[in-house]
Each structure stands twice: as structure tokens, then as C-alpha cells.
Amino acid sequence: GTEDRSPTAEQVDIHEAAGDGEDPVLALLGKLARRPASEIADGHRLGPDLGLDSLDLVDLVSSLEERLRMDIDEVEVAPETTIALFADPEGHVVGLM
């Protein structure tokens, strides 16, 4: 049978996905993880907690870089990476270009 896959980051309009006042990063993660952004917490890990696989992670990084002008070191984005890394603009993983 066909595998039921969530939409890729390329298929998600990040600004359309985010509602009023909603974090566009969380909106994208919610779309990829197929859950409301409000259920995603900083401590959630991309793989074990949100169910994102390696292809989802590549989509996530490329989409965040392209659409939100974030500079992300993809080497540091792994299944064990927590959402807090994306939420911290002072962190060493994400920064505005």
C-alpha cells in the first residue's frame, strides 16, 4: 500500500500555516508532525516526540532557511534535537540571516 506521509515542508506555506500571533516555526513543525502547534513544547525532540524522520528534518531545515531567512547548521539538527534550539535566537543553531 501507499505510505501515509505528512506534507513536506516544501508543500507547506509557512506564513499561511501560522495563524495570528502563532510562531511560524511551530506552525511548520505542527504541519510536519501532524499535530496542533499548541501541543508542541520546547522540550519536544524532533524524532522521538514529534515523529519526524530524516527526510522531514532536511525539509524542515531547508524551509526555515529559505522562508524565514534563518541560518541553521544542519549538522546540529538531529532526531534528538529539541524545539528549544529553534526558539532561541541567541543560540548557536539558529539566527537571522
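**Whole chain first**

Color by secondary structure: from the N terminus on, the elements run α-α-α-α, giving four helices and zero strands. Helices here are DSSP runs (H or I, at least four residues; strands are E, at least two), numbered from the N terminus. This is a predicted model, where local features need pLDDT of at least 70 and side-chain atom pairs count only at pLDDT 80 or more, while totals for chains, interfaces and linings use all residues. Residues are numbered from 1 along each chain as its sequence is written, and side-chain values use heavy atoms, with hydrogens and water left out.

The protein exposes about 5600 Å², with carbon and sulfur atoms supplying 49% of it (Shrake-Rupley method, 1.4 Å probe). Of the 97 residues, 38% are buried (under 20% relative accessible area, 1.4 Å probe, protein chains only).

**Into the core**

Next, select Leu29, Leu46, Leu50, Leu52, Leu60, Leu64 and Phe86: these have the most contacts inside the largest nonpolar core, a set of 19 residues. Such a core joins buried Ala, Val, Leu, Ile, Met, Phe, Trp, Tyr and Cys residues through side-chain atoms within 4.5 Å. Helices H2 and H3 (54–68) are the elements that give two or more residues to this core.

**Zoom on Leu29**

Where does leucine 29 lie? Look in helix H2, residues 24–33. Leucine 29 counts as buried because its relative accessibility is 0%. Show its neighbors: leaving out residues up to four places away in sequence, leucine 29 touches Ile40, Leu46, Leu50, Leu52, Leu60 and Ile83 (contact means heavy atoms within 4.5 Å). Finally, check the C-alpha distance from leucine 29 to isoleucine 40: 8.1 Å, at 11 residues apart in sequence.

How values were computed. Buried means under 20% relative accessible area, exposed over 50%, partly exposed in between (1.4 Å probe, protein chains only).
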